[in-house]
Amino acid sequence: MTNPKKTISRKDVPKKDAWNTEALYPSMKAWEADFTKVIHRSTAPFFPELDGFNGKLHKSAKTLKDLLECYFSIERKLRKLYTYAHLRHDEDIANEAHKKQYDKIGTMYHEFAKEACWIEPEILAIDKKTLQKYRRDPLLQEYAFYLEKLFRQKPHTLSEPEEKILALAGLALETPHKAFSSISDADFKFGSCADKADTHHELTHATYGLYIRSQDRTLRKNAFETLLGKYGEFGNSLTELLAGQLQKHLFFAKARNYTTCLEAALQPKNIDPSVYFTLIDAVHDNIHVLHAYMALRKKALKLKELHLYDTAVPFVQAPDMKFSYEEAEDLVIESTKPLGTHYQNILKDGLKSNRWVDRYENIAKRSGAYSSGCYDSMPYILMNFKGILRDVFTLAHEAGHSMHSYFSRTSQPYHYSDYAIFVAEVASTFNEELLNHTLLQNAKTKLQKAFLINEKLEDIRATLFRQTMFAEFELKIHSFVEARTPITPELLKHEYRTLNEYYFGKGVHIDPAIAIEWARIPHFYYGFYVYQYATGISAAIQLAEGVLHGGRQEQNRYLDFLKMGGSKYPLEILKKAGCDLTTVAPVTNAIAKFATLTKELAKLL
Ligand SMILES: [Zn+2]
């Protein structure tokens, strides 16, 4: 094992364990030199080349094309600079010099957005006749989808002075979300909670995740009640904050001529609200599957009564599974065999020779994991690999993102190379599916097999069922503000409790403390975001099954999906890959898999 035993300084990290940032710039000095080449002015305007186009976009298709080329070429150079600075920043966040460079490019990015802010409104202001001419012009063919996306927003874009007022209001309207984050993440202190031996443990957001999965039931119960109890104490204020956020969504929806808040959130991505309703309906029609899983959980945990604080703890004892980084790499590469040798070879080269991955923890390295990079770089993966099974899944997940980026960057022009969030998590979860499949095939003992199935079930429960419950709650509370129903703590608690009763079923004891849980979920401030987790995992399961059990056609369709990047709307891209989220099939298929796994696990236990 090459996993270092104690945490080392960044400067001591061996080259083979570190990501290949030299491929982007050989040194910080080279980065500085490129920075001054891209931004050669020291005062605004920093990008005077844009100014020459201002007020002239209606003149000819050629002018518009030249402007778009100019705009995207600046953005592309800035992203290369930004990528390097952010990677160097994240590998050692205590490095003052790197932080300065990171801030420097961040500021320039902001300046660029400011100096380019006139472009979209000016394009939208071009008269109808000219526009139709532009659309037929072969010169602008490569920007056709970009322009189409922009024009979708035209009925929801206001006049310039009106837009200015909306922008001015924007900052003030961030208060509910900001205040919520401050109170929930900074101000709240949760104290401690006792385990069954009456030893007290400090309770924070991070430790809550551990305690609620602890085999010590007393600790689970106390963590659950203490944490939610804190939110309960501040029920009135937290209600006002969420109500304020809902009013913000309503304000923008009305100001921009949308009929509902849901439509305002989905329309820009061309996602029909029916996708949202279909998800909820499909889960409702199959809710007994979740109830059956809860019954198995109750039996396996040997409990007389299953409480809500018993619903996250693993009920199969973890087998002793440790992995070296190299073993994880090999497993992830092996698992992608169903995608063909071309895919596998690129991934293998990326992981083993091109050093996409920054493998282990070092002092002051950013925590967690992500996949990053830009059009002019290789994909980069940040990890803090420690050798547990979860880490192997993390590598598979991030490698899924990286391969998506690789294919989309090598197949699309720059301006279509970014894919939407709606499809991003499909590619990463897809690779987790493949890894799970490989691990199950390789499992040597019954216990290993049971553990892997338990993990998969928990994954689907938390991502598909729980997030759909959240999505339903969001829909409900937005409908209240749309109907001018006053939002009170009692109303929110009643609705949330009712949903929990429905989702968990009669077999689970619904502890009163749960009624306030909505108050700690930051996602309710994002506005119709969480449903994408549920649709994402459903699509990934359907596509992975297609590739695992299908042939060449399924494989090619999936690879084409990765190559499409952001060149079409997300639903269209998924449909081409073989997953139609306007139908119930992907969700019911994922739930059917959940049902099968529940039965399999019952047999193994
Ligand atoms: Zn991800």
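Colleague: Happy to look at this with you! What distance separates the centres of domain 2 and domain 3?
Modeller: This is a predicted model, in which local features need pLDDT of at least 70, side-chain atom pairs count only at pLDDT 80 or more, and totals for chains, interfaces and linings use all residues. Residues are numbered from 1 along each chain as its sequence is written. Domain 2 covers 188-233 and domain 3 covers 325-448 + 532-568, with bounds from an automatic or database domain assignment. Taken over C-alpha atoms, their centres are separated by 35 Å.

Colleague: Thanks! Where does histidine 89 lie?
Modeller: Helices here are DSSP runs of H or I with at least four residues, and strands are runs of E with at least two, numbered from the N terminus. The chain has 25 helices and seven strands. Histidine 89 belongs to the one spanning residues 61-91, helix α3.

Colleague: Is histidine 89 buried, exposed or partly exposed?
Modeller: Buried takes 20 or more other C-beta atoms within 10 Å of the residue's own, exposed takes 12 or fewer, and partly exposed is in between, with C-beta atoms placed from the backbone. Histidine 89 has 19 such neighbours inside 10 Å, so it counts as partly exposed.

Colleague: Nice. Which residues does histidine 89 touch, not counting those up to four places away in sequence?
Modeller: A contact needs C-beta atoms, placed from the backbone, within 7 Å of each other. Lysine 603, for one, is 50 Å away from histidine 89, C-alpha to C-alpha. The residues that histidine 89 touches are His98, Lys99 and Tyr102.

How values were computed:
Two residues are in contact if their C-beta atoms, placed from the backbone, lie within 7 Å.
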